[in-house]
Amino acid sequence: MLALTASLMIASAQDIIVLKNSERIDAKIVNVSSTEISYKKASYLDGPTFTLNIAEVSSIIYANGDVQAFNAAPESTVAVTAAPENTTAVATVAATPKTNSDKLRFNLEPQGEKRTFGISAGYTSKQMKDKDEDKYPWCYMGDDESKKSSAALRIGFYWAPEFRYGIGLQTGLYYDMSTSTYKDDVISLSSSEHSLSIPLRIQYRYEIIPDLSIFLYTGPSFDISLAYTEKASYMGETEKESLYGKDSDLNRFNMLWGVGAGVRWKGLQLMLGGDWGLTDIFKDDPWKTKLNKPFSISLTYLF
């Protein structure tokens, strides 16, 4: 009778540690900290004290029936059946299999490091397009009618501060240089144009996994021509002319609308897009000629 009473007292005083692999340990809890659990084995209370990393533990079922869980989204469900006084609490552990939804979550806010400022280099095409849809290179010399645009080198600074949920502003300051040459047995011609471009766009960035993102953008950009010169060499004579002279009919300021997309991996970003003119490039132009940049590509290093 004494042995039975002692056995019931030990059983009623024991705690149960439930591990994440569904294993149970009959124990007497000594201490619970933020990183580990100290306990003695229920069958040998005078024995050594053991410790467990708290990351291995799903829950503790105390002798009085209270349950302490250690993960917000446990991998297993623990059901505790209340028992009469002086009897051992019975814990039933039913494993709940993981689903893909436990691993893949849609995050409204990008989780990786936010990099907003960078140095950019790339290529853009520049062309003139009139109301009849005829297209001409921006810098053009010669009689090659198959050429529809001029190549321009682009370098500059990229800045894209974000507000919330991956939505932000995309802007910066870029320098564009476009050139063209033509030469035959009689004459040599060349032209060059230098301009600044300032985009002011809305950008949305979605982070697929930490540090890997895709983004879309749209909005206006503003081009300011700094210099546009033409040079002709004929019979040893060279003439140079500025197209922004006193009587020039060219507008130095042009506004365009752009759309594009890109991908970002940590500090490297690749961006593709195009811009289409909104304002006339010539003063009092009945042909309504616009400046277009139908294709641009740039590589940016972000800090």
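Which residue forms a salt bridge with Glu193? In this predicted model, the partner is Lys126, and the closest N and O atoms of the pair are 2.9 Å apart. The two residues come from distant parts of the chain. Glu193 sits in strand β14 and Lys126 in strand β9, 67 residues apart. Both ends of this bridge can be checked for burial. Glu193 has a relative accessible area of 0%, so it is buried. Lys126 has 1%, so Lys126 is buried as well.

The structure holds 13 salt bridges. Another of them pairs Asp176 with Lys293, with the closest N and O atoms 3.1 Å apart. This pair also links distant parts of the chain. Asp176 belongs to strand β13, residues 167–183, and Lys293 to strand β19, residues 290–302. They are 117 residues apart. Asp176 counts as buried at 0% relative accessibility. Lys293 counts as buried at 1%.

Asp211 forms a salt bridge with Arg115, and the closest N and O atoms are 4.0 Å apart. Asp211 lies in the loop between β14 (187–209) and β15 (212–234), while Arg115 lies in the loop between α2 (100–103) and β9 (117–129), so the bridge ties together parts that are 96 residues apart in sequence. How exposed are the two ends? Asp211 has 23% relative accessibility and counts as partly exposed. Arg115 has 15% and counts as buried, because buried means under 20%.

Terms used: Residues are numbered from 1 along each chain as its sequence is written. This is a predicted model: local features need pLDDT of at least 70, side-chain atom pairs count only at pLDDT 80 or more; totals for chains, interfaces and linings use all residues. Side-chain values use heavy atoms; hydrogens and water are left out. A salt bridge is a side-chain nitrogen of Lys or Arg within 4 Å of a carboxyl oxygen of Asp or Glu. Helices (H or I, at least four residues) and strands (E, at least two) are DSSP runs, numbered from the N terminus. Buried means under 20% relative accessible area, exposed over 50%, partly exposed in between (1.4 Å probe, protein chains only).
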